[in-house]
Amino acid sequence: MGSIVLKGGCVLSLDSSVGDFERADVLVEGERIAAIQPTVNVPGAEVIDASNRLVLPGFVDTHRHLWEGILRNILPDGTLEDYFRDIMGVLGPVYRPEDVYVGTLVSALGALNAGVTTVLDWAHIQNSPEHTDASLQALRDSGMRAVFAYGAPSREGLNPRYPEDLRRISAQSFASKEQLLTLAWAGMSPEQGALEDTARTWRLAREVGARISVHAGFPGIPPGRFAEAARTGVLGPDVTYIHCGMFSPEEWKAIADTGGTVSLSAPVELQMGHGMPPLQASLDAGLRPSLSVDVETSVPGDFFTQMRAVFALQRGLAHARGHAGGVAPRLLTAREVLEFATVEGARANGLGHKVGTLTPGKQADIVLLRTDLINVMPVNSAVGAAVLGMDTSNVDTVLVAGRVLKRDGQLTGVDLSALRERVYRSRDFVVARSGYRAPFGGGGGKTVQP
């Protein structure tokens, strides 16, 4: 890989030591950002026109179930109960390895298309070692940066090698720290079972150097167990807690005191019944949350939706508290939300030293967002346009580790017609094999019943 100059863009580095630029050039050498300066001229370098573009770090998703890509929008009105019953109980158990591959690939490519350059794949579809290998191959083939979070089978007992198979994949696929894929453990939180079971599986993850990611704070689970876990020393700075809707102040303090990180999925949490997204509780505890799509079965896979949801939610609840005569918390700014989507995502994924800001020396995970389209022109605030005005149509160019994966609004090296055929074929198999009644309008050459 040679040199690339991103020429003449409005640069939002999100690194206070670098600053932002109304107009600047970004030099990429191989996989890394080499310089950000008003003018860069490198003989022989490829020049990408960044005029009328915002140049910023790629978005970082800290929790998405990529294997569900072939089930997009299948639960438009679904609740959390519907999800567990239909997706995990009916559809997931009939997945073949090839269905995992296709679902993971189409979701990963959809993320890249939307400017999301890193995803933590919370892969609770490990029905066999072959399913695991299919997940990993899809992530490699997508070209994106990914954290593979090894999860449970979709139904207990499907994979007799779970959870010990984590050792195999750690040795086979994660020996290098320099690759695009890193390893995590997608497991039980202390509130979901016996504390000794949580401690045992978390020890396994830590033995192979995997970060830990857990769903936590669900409705109906007795509070207090996190505080107990904190007292035993199980919690730590290598753990990310997802959702957290029903946490007590004591539990928030336990997470903050042990250096944990938080992942919020506000659209899903609001729609499906996880509890009110605890954005303010997180901030009050001194925690800066990251953002995540969670399930494309019910929400879109872009981060513009995520940013707008948390921005409007925090400010709406703060205004309501003030109108009711209470002391309103400080209002979030658009820049803070952009940092949640980039800087904090990288930190929660254990990748803050590599990505999340445009900093010379870091990996060149960069997106260019068009500012000359009808939905945002004229741009009066670069941050405001990125957070509040844009959508996936503005995502013009995407680089991961210096490799251009989207150019001039089109994914590179992707045969969409062939992928579409595989997606529908896999979706049709899973729906037919499971006996699930899919929503009307499934397409793919056949009519499905409403």
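How many bridges join strand β12 to β13, and in which sense do the two strands run? Two bridges join strand β12, residues 261-264, to β13, and the two strands run parallel. This pairing belongs to a predicted model, and the report below sets it within the rest of the chain.

## The chain as a whole

The secondary structure of the protein chain comes to 14 helices and 17 strands. Its radius of gyration is 21 Å, close to the 22 Å that the globule rule gives for 450 residues, so the chain is as compact as a globular protein of that length. Along its principal axes, the C-alpha trace spans about 60 × 60 × 45 Å.

Of the 450 residues in the protein chain, 59% are buried. When contacts with a separation of 6 or more are considered, 72% of them are accounted for by residues 24 or more positions apart. The chain exposes about 17,500 Å², and carbon and sulfur atoms supply 53% of that area.

## The parallel sheet

An open sheet is formed by 8 strands with parallel pairing, in the order β6-β7-β8-β9-β10-β11-β12-β13. Strands β6 (59-64) and β13 (290-291) stand at the edges, each with a single partner strand, so one side of each is left without a neighbour in the sheet. Helix α3, residues 129-142, packs on this sheet and touches β7 (116-123), β8 (145-150) and β9 (181-187), with a direction that makes about 170° with that of β8.

Strand β11, residues 239-243, has 5 of its 5 residues buried, so it is largely enclosed by the rest of the structure. It is joined to strand β10, residues 211-216, by 5 bridges in a parallel arrangement, and here S213 stands opposite T240 in β11. The pairing of β11 with β12 is also in the parallel sense and extends over 3 bridges, with S263 in β12 as the bridge partner of I242.

## Two helix pairs

Two packed helices are described by the angle between their axes and the distance between the axes. The axes of α3 and α4 come within 11 Å and cross at roughly 35°, and the crossing is right-handed. In this contact, P129, T132, D133, L136 and R140 in α3 meet D165, R168, I169 and S173 in α4. Within helix α4, residues 165-173, the buried residues are D165, L166, R168, I169, S170 and S173, and what covers them includes α3, β8, β9 and α5 (195-207).

In the second pair, helix α6 (residues 225-232) and helix α7 (residues 249-257) pack at an angle of about 35°, with their axes 8 Å apart. The crossing of α6 and α7 is left-handed. The residues that meet are R225, F226, A227, A230 and R231 in α6 and E250, E251 and A254 in α7.

L56 lies in strand β5, residues 53-57, and with a relative accessibility of 0% it counts as buried. Not counting residues up to four places away in sequence, L56 touches L12, L338, L358, D365, I366, V367 and L369. The C-alpha atoms of L56 and F311, which are 255 residues apart along the chain, are separated by 19 Å.

N52 is placed in the loop between β4 (46-49) and β5, and its relative accessible area of 45% makes it partly exposed. Leaving aside its neighbours within four places in sequence, N52 is in contact with L369, R370, T371 and D372. Of these, D372 is 320 residues away from N52 in sequence, yet the two are 5.8 Å apart in space, C-alpha to C-alpha.

S426 has its place in helix α14, residues 416-434. The cut-off for a buried residue is a relative accessible area under 20%, and S426, at 3% relative accessibility, therefore counts as buried. Its contacts, leaving aside neighbours within four places in sequence, are with I70, R96, E98, D99 and V102.

Conventions:
Residues are numbered from 1 along each chain as its sequence is written. This is a predicted model: local features need pLDDT of at least 70, side-chain atom pairs count only at pLDDT 80 or more; totals for chains, interfaces and linings use all residues. Side-chain values use heavy atoms; hydrogens and water are left out. Two strands pair if DSSP finds at least two bridges between them. Helices (H or I, at least four residues) and strands (E, at least two) are DSSP runs, numbered from the N terminus. Contact means heavy atoms within 4.5 Å. Axes are lines fitted to C-alpha atoms, for helices over the stretch in contact, and angles run from 0 to 180 degrees between N-to-C directions. Buried means under 20% relative accessible area, exposed over 50%, partly exposed in between (1.4 Å probe, protein chains only). The radius of gyration is taken over C-alpha atoms; the globule rule is 2.2 Å times the number of residues to the power 0.38. Accessible areas come from the Shrake-Rupley method with a 1.4 Å probe; for residues, only the protein chains shown count as cover. A crossing is left-handed if the near helix is turned anticlockwise from the far one by less than a right angle, and right-handed if clockwise.
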